Amino acid sequence: MERVTLKVVSVLPVTGESNIIYLVPSENPKTQNEKDEYIWSEGKYEQIGSTAVDLTGYATEQGRTS
């Protein structure tokens, strides 16, 4: 079984490799160090996600009751 590797890059290589998820600085970051995730599939890059986390609607310490 082949393993998937994460690779942090400043820009996507011209040609990607199989089994690598490329982490590229986001063009529209909402937080510091946010990365977009890409794979190389069928001869082109496909964005599969982002490292951004949206915690809107989750409980906070301030809203906690004891």
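What follows is a request about one residue and a connected reply.

Colleague: Where does Ser-26 lie, and is Ser-26 buried or exposed?

Modeller: This is a predicted model, in which local features need pLDDT of at least 70, side-chain atom pairs count only at pLDDT 80 or more, and totals for chains, interfaces and linings use all residues. Residues are numbered from 1 along each chain as its sequence is written, and side-chain values use heavy atoms, with hydrogens and water left out.

Ser-26 sits in the loop between strand 2 (20-25) and strand 3 (35-41); strands are DSSP runs of E, at least two residues long, numbered from the N terminus. With a relative accessible area of 14%, Ser-26 is buried (buried is under 20%, exposed over 50%, partly exposed in between, with a 1.4 Å probe and protein chains only). The side chain of Ser-26 reaches the backbone nitrogen of Asn-28 at 3.2 Å. Setting aside neighbours within four places in sequence, Ser-26 is in contact (heavy atoms within 4.5 Å) with Glu-34, Lys-35 and Asp-36.

Asp-36 is also among the residues touched by Tyr-22, as are Val-9 and Tyr-38. Val-9, Tyr-22 and Tyr-38 belong, with Ile-20 and Val-24, to the largest nonpolar core (buried Ala, Val, Leu, Ile, Met, Phe, Trp, Tyr and Cys residues joined through side-chain atoms within 4.5 Å). Strand 2 supplies the largest share of this core, three residues.

Tyr-58, by contrast, is found in the segment after strand 4 (44-50) and counts as exposed, at 58% relative accessibility.

Technical notes. Helices (H or I, at least four residues) and strands (E, at least two) are DSSP runs, numbered from the N terminus. A polar contact is a pair of N or O atoms within 3.5 Å; within protein, one must be able to donate a hydrogen and the other to accept it, and residues adjacent in sequence count only if both atoms are side-chain atoms.
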